Amino acid sequence: MVHEVRNQSTVIKFILVGFSEFPQLRAPIFLLSLTIYTVTVVGNVGIIIVRKINPKLHTPMYFFLSHLSFLDVCYSSMITPKLLEILLVEDRSISFSGCMTQFFFGCSCVITEMFMLAVMAYDRFVAVCNPLLYTVDMSRKLCALLVGGSYMWGVLCSLILTYSLAVMSYCGSNVMNHFACEYSVIVSLSCSDTSFSLMACFVISTFNEVCSLLIILASYVFIIATVSRMPSKGGLRKAFSTCASHLMALTIFHGVIFLLYCVPHDKNSWLLVKVETALYSVMIPMLNPLIYSLRNKDLKETVRRLINSKLHSLQIKFR
């Protein structure tokens, strides 16, 4: 169903195609997405709660990790509920304002998470290379500034990109061959000059990716140099365990970004773009808490104590 289009883009409703070309897969995709979203919310909110409960986790590393979990919940909550809705109901429309809102918050979360991972790399650099002064160097004030700066930069970049999309005209087809308001799909529906938006996207994307990767690479170059000079194997193992989870999260995050935006796609490869976006927006928020919690003794111990205390209280209650 194509709606009548006027010069005012605010009156447009987009139709999200989602995975409607595979009707036999709607139920399995719905159940899989719902399961992943549930695990995402429980896992990430669990990390935030566990950090608050255990005083041992009131350190810069867990402070940054709790914000990473918050971003994962927010980003997943911007994308997955709409995906579940269009899989469940026949009306797959989204208003123009709703589409721009979804894009703004989704984009803010992605850029903020990109720099949050870079901040966490710097945190690991300080922890490994200068452990005796770690709590002094990574003061509460500095941690708050690094986190606040990441959020502010993410919102600013997203505002620019959202504005560049909102001022464009949209005419012709309003059918969006995607399950979310992804940048390239929105631009493809515009009938006005897209050069400003494309240039803004290129500059912001390149700057953010290069800056975040430079911070990460510089941090890990110093970490590797420090670790290579360690005489004991115990120190090597400790340094590796300190950085392994973060390296795994970094590889998955930037690997999927590379697949989605740097590998050329054929004009008819929208299915591949949708699958890659699903990996990015649905899977990564679920994987992060699993990666960090499975390799972290303090987190696992706190969760174990919490479960045991709840079970003990239930046993007392039913006696």
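Buried means under 20% relative accessible area, exposed over 50% and partly exposed in between, with a 1.4 Å probe and protein chains only. Helices (H or I, at least four residues) and strands (E, at least two) are DSSP runs numbered from the N terminus. The model is predicted: local features need pLDDT of at least 70, side-chain atom pairs count only at pLDDT 80 or more, and totals for chains, interfaces and linings use all residues. Residues are numbered from 1 along each chain as its sequence is written, and side-chain values use heavy atoms, with hydrogens and water left out.

**View 1. Overall arrangement of the protein.** The protein has 10 helices and three strands, and along the sequence they follow the pattern β-α-α-β-α-α-α-β-α-α-α-α-α. Of the 319 residues, 45% are buried. Contact means heavy atoms within 4.5 Å. Among contacts between residues at least 6 apart in sequence, 80% join residues at least 24 apart.

View 2. Helix α1 covers residues 26–53. The expected span of a helix is 1.5 Å times one less than its number of residues. For the 28 residues of α1 this gives 40 Å, and the end C-alpha atoms are 40 Å apart, which agrees. The buried residues of α1 are R26, I29, F30, S33, I36, Y37, T40, N44, I47, V50 and R51.

**View 3. Packing of α1 against α2.** Two packed helices are described by the angle between their axes and the distance between the axes. Axes are lines fitted to C-alpha atoms, for helices over the stretch in contact, and angles run from 0 to 180 degrees between N-to-C directions. The axes of α1 and α2 come within 9 Å and cross at roughly 160°. Angles under 35 degrees count as roughly parallel, over 145 as roughly antiparallel, 65 to 115 as roughly perpendicular and the rest as oblique. The two helices α1 and α2 are therefore roughly antiparallel. A crossing is left-handed if the near helix is turned anticlockwise from the far one by less than a right angle, and right-handed if clockwise; α1 passes α2 in a left-handed crossing.

**View 4. Packing of α2 against α5.** The axes of α2 and α5 come within 10 Å and cross at roughly 20°, which makes α2 roughly parallel to α5. The crossing of α2 past α5 is right-handed. On the α2 side the contact is made by P60, F63, F64, H67, F70 and L71, and on the α5 side by C143, A144, L146, V147 and Y151.

**View 5. Helix α5 and what covers it.** Helix α5 (residues 140–166) has 27 residues and reaches 38 Å from first C-alpha to last, close to the expected 39 Å. Its buried residues include C143, V147, S150, G154, C157 and S158. The cover over the buried residues of α5 includes α2 (60–88), α3 (96–129), α6 (183–188) and α7 (195–228). From helix α3, S108 is buried at 7% relative accessibility. Residues up to four places away in sequence aside, S108 touches G154, V155 and S158.

**View 6. The largest nonpolar core around F14.** A nonpolar core is a set of buried Ala, Val, Leu, Ile, Met, Phe, Trp, Tyr and Cys residues joined through side-chain atoms within 4.5 Å. The largest one holds 78 residues, of which F14, L165, Y170, M176 and I186 touch the most other members. Helix α3 gives the largest share of this core, 19 residues. Beyond its neighbours within four places in sequence, F14 is in contact with R92, S93, I94, F96, C99, Y170, N174, M176 and L189.
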